[in-house]
Amino acid sequence: MTPDPGRLRCRLVIEAPAETADGAGGVVRSHVAVATVWAAIEPRAGRDDVAADMAAAVVSHRIVLRAGPVITLRHRLRLGDRLFRIVALRGLDPAGRFVVVDAEERIV
């Protein structure tokens, strides 16, 4: 099953984790942009969540993008102010041209 490339309308930024020394023996964790890709985002399901005594919603998404940059579970995806935590990755077609990302977005 190959998706229609015309459906890849969202411009996502792939971000990789980065650690820098904080000068006190620890590290500061952040993310840096490594690539920008076209993708299709499809919301799947939502649920309520509470973390650090703060209510929020978690929405799961199915994201399809062209294969290219190496992506792992440590990466995350960004669409403007929206952040998507990668939960699972898999190939979509036998030729390896597309990747399906199962991701979660936390909405406060």
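Start by selecting Glu 15 and Arg 78: their side chains are joined by a polar contact of 2.8 Å. (A polar contact is a pair of N or O atoms within 3.5 Å; within protein, one must be able to donate a hydrogen and the other to accept it, and residues adjacent in sequence count only if both atoms are side-chain atoms.) You are looking at a predicted model, where local features need pLDDT of at least 70, side-chain atom pairs count only at pLDDT 80 or more, and totals for chains, interfaces and linings use all residues. Residues are numbered from 1 along each chain as its sequence is written, and side-chain values use heavy atoms, leaving out hydrogens and water.

Is Glu 15 buried or exposed? Glu 15 is buried, at 6% relative accessible area (buried means under 20%, exposed over 50%, with a 1.4 Å probe and protein chains only).

Next, show strand β1, residues 10-21, which holds Glu 15. (Strands are DSSP runs of E, at least two residues, numbered from the N terminus.)

Move on to strand β4 (residues 76-79) and strand β5 (residues 82-91), which pair in the antiparallel sense over 4 bridges. (Two strands pair if DSSP finds at least two bridges between them.) Click Leu 79 to find its bridge partner in β5, Arg 82. In the turn of this β4–β5 hairpin, Gly 80 has a positive phi of about 65°.

Finally, select strand β6 (residues 98-107), which runs antiparallel to β5 and is joined to β5 by 6 bridges. Ala 88 has Asp 102 in β6 as its bridge partner. The β5–β6 hairpin has 6 residues between its strands, and Gly 96 in the turn has a positive phi of about 75°.
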